[in-house]
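Here is a briefing on one protein model. It covers a strand, its sheet, a helix and a pocket.

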Amino acid sequence: MDTPRSPFRTPPDLAALNALSRNTAMEPLGIVFTQVGHDFIRATMPVDERTRQPYGLLHGGASVLLAETLGSSAGMLCVGEDEACVGIEINANHLRGVREGTVTGTARPLHVGGRTQVWEIRIEDERQRLVCISRITLAVIPRP
């Protein structure tokens, strides 16, 4: 049985992914890339005063920021050096409230084409319960 081809042009480098997060929206929210695989990338985000809404739950916007970070980062790993990916649509279904701890997001490709990409991002709590399911559509454009 053949292993499906990886969508990534080169194996993702955790240190490089985390270095790109410096001085961006990801840094103050505590988002850290933690794992890369044959066809996925994974990151964590704390549920604390930085990411909770006023009612004590994980803010949906923080979940979407984690999802977009994962999907866009994964997409960029699939294009050539003269190309870039930009988000053109993202949706999220918030399925479970989280008050504390850490959530983990995992991005996997649904479609990696020459002009568009679609990624699914699953965000789970520390007990591997689904908190949010998101899908992002990316446009592949010439690098500015």
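In this predicted model, 7 of the 7 residues of β2 are buried, so the strand is largely enclosed by the rest of the structure. Buried means under 20% relative accessible area, with a 1.4 Å probe and protein chains only. Strands are DSSP runs of E with at least two residues, helices are runs of H or I with at least four, and both are numbered from the N terminus.

**Strand β2 and its partners**
- Both faces of β2 are covered. I41, A43, M45 and V47 are buried on one side, and R42, T44 and P46 on the other.
- β1 (residues 32-36) and β2 (residues 41-47) run antiparallel, joined by 4 bridges. Two strands count as paired if DSSP finds at least two bridges between them.
- A hairpin of 4 residues links β1 to β2.
- F33 faces A43 of β2 as its opposite residue, and V36 has I41 as its bridge partner.
- β2 also runs antiparallel to β4, through 7 bridges. Here A43 stands opposite G105.

**The sheet**
- The sheet is open, has 6 strands and pairs antiparallel, in the order β1-β2-β4-β5-β6-β3.
- β1 and β3 (83-94) are at the edges with a single partner strand each, so one side of each lacks a neighbour in the sheet.
- Neighbouring strands are turned by 25° against each other on average, direction ignored. The axes behind this angle are lines fitted to C-alpha atoms.
- β4 (residues 101-112) and β5 (residues 116-124) are antiparallel and share 8 bridges. A107 is opposite I121 in that pair.

**Helix α3**
- The 17 residues of α3 (residues 60-76) should span 24 Å at 1.5 Å a residue, and the end C-alpha atoms are 24 Å apart, which agrees. The expected span is 1.5 Å times one less than the number of residues.
- Its buried residues include A62, S63, L66, A67 and L70.

**The largest pocket**
- Its volume is about 230 Å³, the space filled by probe spheres set on the grid points.
- A pocket is an open set of points on a 1 Å grid, where a 1.4 Å probe fits, with protein on both sides within 12 Å along at least five of seven lines. Lining residues have an atom within 4 Å of a point.
- The lining has 13 residues, and L17, L20, S72, S73 and M76 lie nearest the centre.
- α1 (14-20) and α3 are the elements that give two or more residues to this lining. The largest share, 4 residues, comes from α3.

**Basis**
- Residues are numbered from 1 along each chain as its sequence is written, and side-chain values use heavy atoms, without hydrogens and water.
- Local features need pLDDT of at least 70 and side-chain atom pairs 80 or more, while totals for chains, interfaces and linings use all residues.

Key
Buried < 20%, exposed > 50% of the residue type's maximum accessible area, 1.4 Å probe, protein only. Axes fitted to C-alpha atoms, helices over the stretch in contact; angles between N-to-C directions.
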